[in-house]
Amino acid sequence: MELAWLIGLAGGGGFLIFSFFLGSGGNLLIYWDLMSLFTTVFGSLGALLIATPMERFKLLPKIVGLTTKKVSIDPAATVETLVTFAEKARREGVLSLEDDVAEIPDPFLKKAIQLVVDGTDPEIVKNIMFNELDQMEKRHAQGKKMLDDWGYFAPAFGMVGTLQGLIAMLKNMTDVASIGQNMSTALITTLYGAIMANFLFLPWASRLDLYNQYEVLLKEIVVEGVLSIQAGDNPTILRERLNSFVPADKRTKQEVKE
């Protein structure tokens, strides 16, 4: 589990509860309302189901699970791998990379190198790999959109609960004892919707967006590197070109032996 995710959930949740504890004078139960919970959770979930095809909706647990995972990227290692391939291709020819294809763990890099070894036209290699990249981004965007939608629906259903409470209050103005309860229900539902959206769903969506940016960066390095290998570029120049994708403090500076 990713440490920042865990600290944010436990720490942020803990401080929220503590602030409620202070605000309630030690009685957290004043923030509990079952009707408000049903309205925000199941109302927003139902709206999400209406907005999302079932095949995609089934992926929701997996998408939420992805936000908890630690994703480590090492663009410098990818650059180093490509420079190694460039050195070998320059010494022994591009076809010599066929021996390495089976051992490449990254399917994207593996496919790109295989296309080069097969003698595919560089323009076709570029089109195929960028199309793979575009399709991956679209899949990731669909997953993120579900969390974005849920983040928009939850506060909206919080407002629905507020209207429920206000209507109930206005219809029972003669019952002075129920006015406070109905008004409280109205505000608690809004509170639940705001917390769900801003503490869970939208941060999860932001994290998925960041993970997508990491993966796109690595794949852009791969495409640039593989096309340079195919063009027979000098490994030293290749390293410098690919290092432009890497933060300055992470760049490799090893001398390349040709």
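H5 passes H9 in a right-handed crossing. A crossing is right-handed if the near helix is turned clockwise from the far one by less than a right angle, and left-handed if anticlockwise. Helices here are DSSP runs (H or I, at least four residues), numbered from the N terminus. The model is predicted, so local features need pLDDT of at least 70 and side-chain atom pairs count only at pLDDT 80 or more, while totals for chains, interfaces and linings use all residues. Residues are numbered from 1 along each chain as its sequence is written, and side-chain values use heavy atoms, with hydrogens and water left out.

Two packed helices are described by the angle between their axes and the distance between the axes. Axes are lines fitted to C-alpha atoms, for helices over the stretch in contact, and angles run from 0 to 180 degrees between N-to-C directions. For H5 and H9 the angle is about 10° and the axes are 10 Å apart. H5 and H9 are therefore roughly parallel. Angles under 35 degrees count as roughly parallel, over 145 as roughly antiparallel, 65 to 115 as roughly perpendicular and the rest as oblique. On the H5 side, the contact (heavy atoms within 4.5 Å) involves Pro75, Thr78, Val79, Leu82, Phe85, Ala86 and Ala89. These meet Leu218, Ile221, Val222, Gly225, Val226 and Ile229 of H9. By class, the contact of H5 with H9 has 11 nonpolar, two polar and no charged residues. In this scheme Ala, Val, Leu, Ile, Met, Phe, Trp, Tyr, Cys and Pro are nonpolar, Asp, Glu, Lys and Arg are charged, and the others, Gly among them, are polar.

H5 also packs with H10. The angle is about 160°, and the axes of H5 and H10 lie 9 Å apart. H5 is therefore roughly antiparallel to H10. The crossing of H5 and H10 is right-handed. H5 contributes Val79, Glu80, Leu82, Val83, Ala86, Glu87 and Arg90. H10 contributes Pro235, Leu238, Arg239, Leu242 and Asn243. Seven residues of the contact of H5 with H10 are nonpolar, one is polar and four are charged.

The axes of H8 and H9 cross at roughly 175° and come within 7 Å. H8 and H9 are therefore roughly antiparallel. Their contact divides into 29 nonpolar, 13 polar and eight charged residues.

The largest nonpolar core holds 27 residues. A nonpolar core is a set of buried Ala, Val, Leu, Ile, Met, Phe, Trp, Tyr and Cys residues joined through side-chain atoms within 4.5 Å. Buried means under 20% relative accessible area, exposed over 50%, and partly exposed in between (1.4 Å probe, protein chains only). Leu109, Ile113, Val226 and Ile229 have the most contacts inside this core. At least two core residues come from each of H5 (75-92), H7 (107-117), H8 (122-171), H9 (176-231) and H10 (235-243). Another core, of 16 residues, lies apart from it and includes Phe57, Val64, Met146 and Phe201.

Val226 touches Leu82, Leu109, Ala112, Ile113 and Val116. Ala112 belongs to H7. Ala112 is buried, at a relative accessible area of 0%. The partners of Ala112 are Met129, Val222 and Val226.

Val125 sits in H8 and is buried, with a relative accessible area of 1%. Val125 contacts Leu115, Thr120, Leu227 and Gln230. From Val125 to Leu3, 122 residues apart along the chain, the C-alpha separation is 38 Å. Thr162, also placed in H8, is buried at 10% relative accessibility. The contacts of Thr162 are Ala186, Thr189 and Thr190. Gln142 lies in H8 but is partly exposed, with a relative accessible area of 34%. Gln142 and Leu3 are 139 residues apart in sequence and 26 Å apart, C-alpha to C-alpha.

In H9, Asn212 is buried, with a relative accessible area of 11%. Asn212 touches Met136, Glu137 and His140.

Key. Lists of a residue's contacts leave out its neighbours within four places in sequence.
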